[in-house]
Amino acid sequence: MTDSKYFTTTKKGEIFELKAELNSDKKEKKKEAVKKVIASMTVGKDVSALFPDVVNCMQTDNLELKKLVYLYLMNYAKSQPDMAIMAVNTFVKDCEDPNPLIRALAVRTMGCIRVDKITEYLCEPLRKCLKDEDPYVRKTAAVCVAKLHDINAQLVEDQGFLDTLKDLISDSNPMVVANAVAALSEIAESHPSSNLLDLNPQSINKLLTALNECTEWGQIFILDCLANYTPKDDREAQSICERVTPRLSHANSAVVLSAVKVLMKFMEMLSKDLDYYGTLLKKLAPPLVTLLSAEPELQYVALRNINLIVQKRPEILKHEMKVFFVKYNDPIYVKLEKLDIMIRLASQANIAQVLAELKEYATEVDVDFVRKAVRAIGRCAIKVEQSAERCVSTLLDLIQTKVNYVVQEAIVVIKDIFRKYPNKYESVIATLCENLDSLDEPEARAAMIWIVGEYAERIDNADELLESFLEGFHDESTQVQLQLLTGIVKLFLKKPTETQELVQQVLSLATQDSDNPDLRDRGYIYWRLLSTDPVAAKEVVLAEKPLISEETDLIEPTLLDELICYIGTLASVYHKPPMSGPPLTTSSVQMGAVDLLGGGLDSLMGDEPEGIGGTNFVAPPTAAVPASLGAPIGSGLSDLFDLTSGVGTLSGSYVAPKAVWLPAMKAKGLEISGTFTRQVGSISMDLQLTNKALQVMTDFAIQFNRNSFGLAPAAPLQVHAPLSPNQTVEISLPLSTVGSVMKMEPLNNLQVAVKNNIDVFYFSTLYPLHILFVEDGKMDRQMFLATWKDIPNENEAQFQIRDCPLNAEAVSSKLQSSNIFTVAKRNVEGQDMLYQSLKLTNGIWVLAELRIQPGNPSCTLSLKCRAPEVSQHVYQAYETILKN
Amino acid sequence: MIGGLFIYNHKGEVLISRVYRDDIGSQAADSAVFSSSGPFLGERLGANRRNAVDAFRVNVIHARQQVRSPVTNIARTSFFHVKRSNIWLAAVTKQNVNAAMVFEFLYKMCDVMAAYFGKISEENIKNNFVLIYELLDEILDFGYPQNSETGALKTFITQQGIKSQHQTKEEQSQITSQVTGQIGWRREGIKYRRNELFLDVLESVNLLMSPQGQVLSAHVSGRVVMKSYLSGMPECKFGMNDKIVIEKQGKGTADETSKSGKQSIAIDDCTFHQCVRLSKFDSERSISFIPPDGEFELMRYRTTKDIILPFRVIPLVREVGRTKLEVKVVIKSNFKPSLLAQKIEVRIPTPLNTSGVQVICMKGKAKYKASENAIVWKIKRMAGMKESQISAEIELLPTNDKKKWARPPISMNFEVPFAPSGLKVRYLKVFEPKLNYSDHDVIKWVRYIGRSGIYETRC
């Protein structure tokens with residue numbers, strides 16, 4: 001066997017020669033030729049010209065040759081749909097073959113040929129194969145349904161394949177069950193609301209039985225599917241957990257992680273007092289540790305997941321610190337992840353060991369790793385107060401090494417330590433100042449300047465030090481310039497007599513010679529403050545700063561809970577939830593919507609707690625509690641009456657009357673009016689097309705431009721008959737939110753192109769945001785409270801809704817039908833306060849507080865959201881819903 | 001699910017490419033548009049798919065930097081890769097797939113290929129590309145992994161092409177029921193004249209020790225590998241000195257408990273081959289299974305308590321001025337004097353600016369290897385409870401480099417004929433009710449091998 005020879009030919013006229021060989025009478029020669037064709041295809045040569053000749057070889061009883069031809073067909077059928085039809089007969093015949101392997105091969109391959117014309121012929125053979133006597137054929141047919149659904153979803157539904165697939169869940173063969181589950185799960189993903197899997201205690205029982213018997217891969221499909229089920233009570237949750245735990249001993253890490261996912265999720269339902277809860281917690285640790293002896297790539301996946309698990313349930317691994325110690329030969333990606341987890345697990349009990357390790361790491365070779373290790377020491381100081389002193393002395397030792405990047409990292413973290421423990425470790429400032437000259441990174445320079453400015457009164461030559469930076473002011477990065485400005489102003493306020501000249505100099509550099517607006521603005525503010533009211537300046541600039549806490553690096557709780565449901569998957573590796581649809585986005589550059597999700601997603605070490613660059617001259621922000629909530633929120637909210645149980649309507653969101661989007665005079669006689677609706681999870685665009693021209697219109701098609709929420713037609717625009725003059729037709733166009741995303745201005749702008757036989761027309765329209773409010777937008781009350789506090793006050797927006805004479809109940813139910821859910825309600829001094837949540841299709845949560853005064857027709861709406869851009873539009877949605 | 005799978009050589013040339021999903025790049029749809037001549041034929045074909053293929057080559061294989069993650073996201077497409085010698089296997093997807101599953105599948109794919117044609121090399125892959133496509137067709141359907149047990153696959157896919165032409169109907173249905181069945185790893189009707197089995201307990205002992213001799217971390221990761229040549233569908237039961245089992249059994253007589261308690265070991269965690277009935281292990285902690293034919297890994301386990309550390313390394317490093325280092329390392333063997341350790345190797349790292357080294361050792365051979373920046377000291381054999389020493393003088397070139405030498409740890413390799421965890425096989429019973437051979441007729445062999453994993457002492 002030396003198939004490698006097929007890879008070698010590259011000469012001209014090759015195609016021609018192959019053609020001759022393919023049409024040869026000799027079987028062996030034919031087979032050789034097909035192999036050459038496949039080899040060329042693999043390396044990327046175009047051999048599509050040989051299509052008819054290759055297909056001619058299909059009629060053979062040589063299975064190897066047949067498989068090769070099939071492989072070719074899968075690759076090229078799409079480019080030659082008409083020719084591909086030639087192959088259909090053979091497929092249909094093969095589906096009847098007495099040999100089950102051939103029947104399965106035929107149905108498997110047919111599903112891979114993505115040509116519409118062929119799929120029609122596929123239905124009958126597929127139907128037979130789904131009921132084949134041989135399990136091998138059935139398991140292949142089950143996957144084929146998913147393939148067909150991917151090509152033509154409607155066809156699958158019309159032909160009733162979904163029901164047959166559901167029946168296969170009760171099949172006697174475990175592999176058929178597993179593949180059916182996999183296929184159904186995939187199909188269900190594209191119909192989020194369809195309840196296709198219809199999980200109930202009976203079907204769950206079937207799955208759990210199959211779990212014990214099927215292949216390792218089948219177990220993964222089943223476990224991943226189980227994770228989507230919500231048990232009806234804690235007893236059911238426990239009994240499922242009991243049957244899933246044996247999987248933790250499986251040799252396949254993916255089985256283990258998927259089992260962990262199910263357990264982590266269902267544990268939420270168990271009472272913490274239960275003995276079983278404790279047992280389960282204990283059972284989770286060993287398999288997680290074992291994952292770390294897998295191959296490095298899997299270790300990486302495991303570590304990313306453990307990072308989430310440790311944040312959700314720190315108690316599971318709190319005694320396992322040692323296994324996360326970095327080994328000298330670990331790949332760098334494993335090292336960096338381990339370091340993250342070490343910091344999360346650091347506590348008073350193990351801090352000595354952790355510090356000894358970190359110090360060791362700080363002498364390694366890889367620059368990124370060393371930097372992260374140094375930062376980790378700083379984080380330990382902030383996290384474990386008792387260790388702060390030891391951390392600081394370790395950092396000082398590291399500074400003595402004089403390794404440039406180590407020194408710089410150390411200075412950056414020491415600044416954080418100063419902010420956490422003011423007036424405690426300032427004795428080290430002298431050592432820091434010695435290293436001033438070696439700092440060449442902006443972050444380290446800025447940190448050092450901050451330290452000098454903050455402690456100017458203790459540093460004799462503070463003015464000299466700061467002045468030395470001033471020489472190259474315009475070559476510095478913005479971060480350093482801003483810090484230098486603030487630092488010198490601080491210095492001036494502390495030692496006004498000697499530094500008059502210096503402050504003049506920096507103010508003029510920042511205002512007159514700079515074209516950076518941030519820098520100029522800050523310069524002018526200081527200048528005016530200093531010239532009008534030095535006392536006020538002192539109060540503002542030298543105000544007490546809020547302490548930083550260690551909590552800043554945690555993943556936001558709602559996101560964390562969501563990610564826990566994705567354990568084992570790519571989302572858990574990226575620490576980002578998948579978008580509501582197949583394309584998983586991670587690069588924020590291309591997708592506006594990802595930016596909206598913003599904060600909280602940053603990696604552990606990357607972000608800066610309370611950036612020293614921007615805000616520290618402003619008075620500390622008021623405590624992060626919505627002012628109107630009053631003081632005792634803790635007890636106040638939990639006493640609240642839960643409104644929402646039992647409320648539920650299926651009527652769908654509010655629908656605005658149709659408006660004219662495209663007047664006839666702009667579109668050669670075609671008038672389009674329309675509106676948007678949302679019903680039980682599906683969005684559609686209801687259109688009314690009127691022909692005001694004198695000729696018949698045909699060939700309608702529609703396309704959307706990229707938009708903020710990825711709205712896109714989920715099906716082609718179907719106008720069945722030609723539209724005669726003066727005729728009007730009503731069409732409902734289903735929309736999906738999985739299209740390309742681009743941030744629009746305004747946010748809810750949608751640009752549409754409609755084509756007909758006459759021309760292409762463009763118009764744009766604004767869609768009401770409430771069509772994007774999803775059905776599961778109700779937030780848990782605890783979560784609501786935590787999230788409300790968590791979102792910074794700058795993101796709060798307040799609006800007045802006038803002329804809305806409804807009472808709280810009416811408002812609440814009206815909003816609920818448009819998927820704005822009332823989480824809690826309470827009455828404060830005669831005013832009704834409604835706390836509401838909603839979620840957009842792209843996963844953005846919006847929290848609202850609605851204040852209604854009896855007798856006063858206007859109410860006040862406060863909105864909080866991580867993406868404040870949407871607030872305005874959410875307010876408009878409130879207006880529309882409440883006033884109609 | 002997995003959208004496509006590519007195999008590259010070290011230059012980034014595609015050896016195997018199989019696309020399962022359109023989203024990672026539509027097929028060669030547009031290729032017909034291009035005329036089939038001209039020098040850039042290959043480059044033009046099917047622009048989209050080639051994009052995915054090229055993206056990986058450019059961003060990962062040819063990347064200037066060291067690979068920073070085994071999962072790479074390029075233009076909203078995720079690439080999972082593993083590398084075997086200089087061959088890259090990459091799975092590509094645009095969906096939120098089960099990442100652990102993808103890597104497990106890639107490893108499995110390597111195992112399957114190795115079982116069919118040995119080493120995974122460019123030559124072997126090119127020689128077997130038809131076979132690989134056949135295998136891929138079978139083990140990955142629409143991106144969903146299917147049965148990938150080589151035992152089952154070999155019944156109908158062979159290197160001589162597919163064995164199908166002249167099978168009887170029974171044979172065909174036997175194949176399909178095996179591939180999809182509950183015991184997918186073993187076929188019916190296996191017969192041996194001599195029923196025989198081999199058990200290997202293979203352990204790797206890992207240690208990280210501080211210069212002062214304090215154990216920072218130590219664990220044993222072990223594997224029980226079984227090679228079985230048994231007729232029929234034998235039901236096996238495996239027993240070892242697992243503390244939990246022994247304590248359960250020993251409850252009867254207090255005397256026995258204390259006796260056996262000493263010999264039993266605490267297993268932190270274990271995982272099993274898919275043939276083992278996990279629910280039975282979970283409830284009774286008994287290990288029962290019907291084994292695949294031939295060699296397979298029955299279980300893996302991990303222990304951290306009461307580990308016998310076969311060697312102790314005592315380092316002493318002294319910096320004499322700026323241009324000289326004095327190193328003295330003592331190794332002590334810590335096991336029964338009657339046993340012999342083999343293939344002992346101690347690796348003492350040296351600074352990058354080393355100019356010359358002089359070594360004296362009592363036993364074995366030691367050499368300074370400039371290319372590896374280390375002194376490598378090899379001893380063929382060493383009995384238990386012995387001690388040996390090496391001293392070295394390292395001359396350094398003066399440098400301006402401010403950065404201190406990182407002092408990597410001293411590492412050690414060895415092989416010992418016992419299990420450092422203390423694990424003992426107590427029994428392996430074989431029952432085959434349908435055939436007339438009993439447990440006594442089976443010839444059984446047990447062997448223990450302890451090897452060094454990452455066995456390091458900081459200095």
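**Notebook: chains A and B**

I looked up the interface of chain B and chain A and found 35 residue pairs in polar contact, both residues at pLDDT 80 or more (a pair of N or O atoms within 3.5 Å; within protein, one must be able to donate a hydrogen and the other to accept it, and residues adjacent in sequence count only if both atoms are side-chain atoms). The model is predicted: local features need pLDDT of at least 70, side-chain atom pairs count only at pLDDT 80 or more, and totals for chains, interfaces and linings use all residues. Residues are numbered from 1 along each chain as its sequence is written, and side-chain values use heavy atoms, without hydrogens and water.

I then looked up salt bridges (a side-chain nitrogen of Lys or Arg within 4 Å of a carboxyl oxygen of Asp or Glu). The rule finds ten across the interface of chain B and chain A. Arg108(A) forms one with Asp137(B), with the closest N and O atoms 3.3 Å apart.

Next I checked the extent of the contact (heavy atoms within 4.5 Å). Chain B gives 104 residues and chain A gives 116 residues.

I turned to Tyr762(A). Is this residue buried or exposed? Tyr762(A) counts as exposed because its relative accessibility is 64% (buried is under 20% relative accessible area, exposed over 50%, partly exposed in between, with a 1.4 Å probe and protein chains only). Leaving out residues up to four places away in sequence, Tyr762(A) touches Leu662(A), Val752(A) and Ala753(A). From Tyr762(A) to Arg419(A) I noted 56 Å in space, C-alpha to C-alpha, and 343 residues in sequence.

Note on methods. Chains lettered and ligands numbered in written order.
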